[in-house]
Every structure is written in C-alpha cells, then in structure tokens.
Amino acid sequence: MDLHRFLDGTGGVLALVSLTATVVWGLAATDRRVLGPRSRLVAQAVHRATAVGALGFLLVHVLVKVAEAHAPVSAALLPFGSGVLLGLGSLAGYLLVLSAATGVLRSAFAGRGRARWWRVLHGCAYGAWCAALVHGLKAGRAPAGWVTVSYGLCLAAVSGALLVRLRMRRGPAAVPLRTRPRSAHTRRADTRPVAHWADADSAGRHTDTDRAAALPSGTGRAPRRADVL
C-alpha cells in the first residue's frame, strides 16, 4: 500500500525528470565544438539510458493511475478522450514512445533524404516534454511544493541547454587546421629548405647562418661551425 502511494505521487515526477535528462543529454551529444568523440559517445550512452528510464517510469505511472482508479483506461490509450489535461499526458506518452522508437531504428533512416525525417520524428521528444510538464502541473490534485520545484528545475535545465545549443550553432564555425588558408608570407616560407628552419634556435631567432645567407653574394663570409652551435 505504501509502495502504491509512493508510486502514485512520484511516478509522473520521475518520468518527467528522466525525460528532462534525456532531452538535456541529447542536446549535449550533438555538440562538436566542446566535446570530443569519446565525450559525445558518453553523452549518447547517458541519453539512451535516461530515455529507457523515462519509458519505465511512464509505464509505472500509467499502470498505477489506472489501478488506483485515478484515470480510466481510455484516458491512457486515447489522447484527449477524457479531457484536455489528461489528454496531454497520453499525448506525451505516445510522443515519447515515437521518439524512442526512432532512436532505436536510427539505422533505418540512413540514406539521402531520410535523415531529415529522422530529426523531425526524434524531435517529438520536445513535444512530449512540453505536454508532460503541463500535464504534471495541472492534471489531478494540486502539486506539492517539492513537485513544483522539481518541475521548475526541469524547465530551467531544458531552457538553458537549448539556449547554449542555439548560441553555439550561431557562432563562427571552427576551421580545421589543415584547411585553414595560408597567407602569402607563410606560403613563401614553406618553400624554403628544411635546413633553414633547423638553424633557428629555441627562442625563434635565427643564427648567423641566416644572417649570412641574407647578405648579397660575395659580401658575406661562409659560416663556421662554431657560429651555428
């Protein structure tokens, strides 16, 4: 009985918290400016794990609500079959399942023109999160103080992650080192013999060999071995 009461009061909150973590880590996994390949793999793994947790808590939330007669079966199966607020909860569940299914079947969308459809369908997680947030705050009894705080933190986390992501996308793209255009001075310097660069000391100053080479022909003396040591 106590377990039912606990799940009845916290199942929906845990589902929203898990869904929030899924959205935040999904945004982090798409970053290519700060995170390296290994860090992105870790972010993707956490993203998938939190998605599984969100689905599990969603199933528990629905089963407990139906078992406690707090919601009819039709409200869980038919969106907006028992009012707008309960319908938002069932709509959030379907959108979450659709987003998770596209994540599992991502390889099926590999190919020209299919990646756009995958992004659209997988992006249903944002709609599921918004619907779940409104459903949790407005459906049923008035939420407790800690529930409202939890929902506020979820809102702040997703909003912050979206703002950071949008700001980084609008920033200047990083140019790989090998593809950066070289100046005319750099191109001329690259044509010099390798020995020219070997004669430079550790502080970046050139030795007597360079100064002698810069003199007109016949005016400079041949550098001695002691000059370059």
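The legends below describe close-up views of one predicted protein chain.

Residues are numbered from 1 along each chain as its sequence is written, and side-chain values use heavy atoms, with hydrogens and water left out. In this predicted model, local features need pLDDT of at least 70 and side-chain atom pairs count only at pLDDT 80 or more, whereas totals for chains, interfaces and linings use all residues.

View 1. The secondary structure comes to 10 helices and 0 strands; helices (H or I, at least four residues) and strands (E, at least two) are DSSP runs, numbered from the N terminus. Of the 229 residues, 26% count as buried, a term for under 20% relative accessible area, with exposed meaning over 50% and partly exposed in between (1.4 Å probe, protein chains only). The chain exposes about 15600 Å², and carbon and sulfur atoms supply 66% of this area (Shrake-Rupley method with a 1.4 Å probe; for residues, only the protein chains shown count as cover).

View 2. Helix H4 covers residues 84-104. Its 21 residues should span 30 Å at 1.5 Å a residue, and the end C-alpha atoms are 30 Å apart, which agrees; the expected span is 1.5 Å times one less than the number of residues. Buried residues of H4 include Gly87, Gly93, Leu96 and Thr102. The buried residues of H4 pack against helices H1 (2-29), H2 (37-67), H3 (73-77), H5 (114-122) and H6 (124-138).

**View 3. Serine 90 within helix H4.** Serine 90 lies in helix H4 and counts as buried because its relative accessibility is 8%. Beyond its neighbours within four places in sequence, serine 90 is in contact (heavy atoms within 4.5 Å) with Ala75, Ala76, Leu78, Pro79 and Phe80.

View 4. Leucine 78, one of the contacts of serine 90, is found in the loop between H3 and H4. Leucine 78 is exposed, because its relative accessible area is 51%. Together with Val73, Leu77 and Tyr94, Leu78 forms a nonpolar patch with about 390 Å² of accessible area.

View 5. The chain averages a pLDDT (the predictor's confidence in each residue, from 0 to 100) of 77, and 73% of the residues score at least 70. Over residues 173-180 the pLDDT stays under 50, and the model has 3 contacts beyond four places in sequence for them.

How values were computed: Patch = residues over 30% accessible without salt bridge, like charges linked within 9 Å, V, L, I, M, F, W, Y side chains within 5 Å. Salt bridge = Lys/Arg side-chain N within 4 Å of Asp/Glu carboxyl O.
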